[in-house]
Amino acid sequence: MTISIDAAFDSGNIVVDSLAGTTARLSIRKDRESDFFQWFHFRVACNVGDALDLRITGLADSAYPDGWSDYAVCASTDRENWFRLDTDYDAGTDGGSLIVRHTAESPILWVAYFAPYSMERHHDLVASVAECEGVTYRRLGHSLEGQPIDCLEMGTGTTQVWLYARQHPGESMAEWWMEGALEKLTDPADPHARSLLRKCRFHIVPNMNPDGSRRGHLRTNFAGVNLNREWHEPTAERSPEVLCVRNAMDESGVDWAIDVHGDEAIPAVFLAGFEGIPSLKPEQMEKYKAYEATLAATTPDFQVDLGYAETAPGQANLSMSTTQLAERFGAVSMTLEMPFKDNRDLPDPVAGWSPERSKLLAHACLATLDRML
């Protein structure tokens, strides 16, 4: 029998180019109105014991071709527990091919670039947190396709903290981080949460790009726009998602902000900052560096050796949220990056970087913020 492959579901993305027995030749659909592609998510129906040979081709032209070396695909048989499959990358075959060979242990195998975070799970998360004592729900606006931009607010302090994720929808580890952050902040027994909620007012946007998330995009919204290049002048026509969030930030002000992401190529957790903004203040940078050092001391999953090169003085790209917020509000803002691959310093051969580790990293990030304040 020939296997079957489907991706017509929330965050699904794959093109079936050919099927022959248990071998499939596949490719990734580009983001709508964009040339970005890298995210994939599909299911394979087969027989237990089938020797699956899955090949995703054309990857030399993907958004981040350096991300495929030493990468292993994520898979699940129940959509709850995700593990890694043995994966090879052949840069010289079919325009760059990711090759997965696996003996099926279940009649259905789900395969993805990272463990997906569905819009259904997003709505469950928002609904459950909105019922917690002390939490206020706000709909800040709508996406281009009419989905709500959800914001959860809590805390009685004066320090304004914004946490937001999934500007790039294919970076699903970012919303797993959000789930961990919200679990910690709404745990009445958690001492860091109780301390933070006295000091801060939190504004939390778990998903900035619901259209791209549902459509299986890597990096853009419905219009093919990279939201993290819109913060200098967002518009209702191109980037209403950014416009409504930035307007809410203008109302509250921003003292601290974390923009949560995933990085395709670098096998580590790291921060990127705002060192190149025109109005940089020494105390602003001192707080950022102190946060980075404290986080490294708090969790061995974070490090400071690998990351992006620092921007030269005065050369910051103010269309990005972290730099825009640092310049606009004098905030201590940061971009948190997690790996699609494994963590180089603490590898896990079964799960690699995972939803569970993303959630625990959020706990460490909030404990660090509590220490900083």
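## Basis

This is a predicted model, in which local features need pLDDT of at least 70, side-chain atom pairs count only at pLDDT 80 or more, and totals for chains, interfaces and linings use all residues. Residues are numbered from 1 along each chain as its sequence is written, and side-chain values use heavy atoms, with hydrogens and water left out.

## Helix α7

Helix α7 covers residues 321-329 (helices are DSSP runs of H or I with at least four residues, strands runs of E with at least two, numbered from the N terminus). Ser321, Thr322, Thr323, Gln324, Leu325 and Ala326 are buried there (under 20% relative accessible area, 1.4 Å probe, protein chains only). Their cover includes the strands β13 (159-165), β15 (256-263), β16 (270-272) and β17 (332-339), along with the helices α5 (240-252) and α6 (282-298).

## Largest pocket

The largest pocket holds about 610 Å³ of space. A pocket is an open set of points on a 1 Å grid over the protein atoms alone, where a 1.4 Å probe fits, with protein on both sides within 12 Å along at least five of seven lines; lining residues have an atom within 4 Å of a point.

Its lining has 36 residues, with Phe270, Ala272, Gly273, Tyr308 and Ala309 nearest the centre. β15, β16, α6, α7 and β17 each give two or more residues to this lining.

## Second largest pocket

About 420 Å³ lies in the second largest pocket. Of its 17 lining residues, Arg79, Glu80, Pro116, Ser118 and Arg121 are nearest the centre. α8 gives the most to this lining, with three residues.

Technical notes: Buried < 20%, exposed > 50% of the residue type's maximum accessible area, 1.4 Å probe, protein only. Contact = heavy atoms within 4.5 Å. Points joined across faces, edges and corners; volume = space filled by probe spheres on them.
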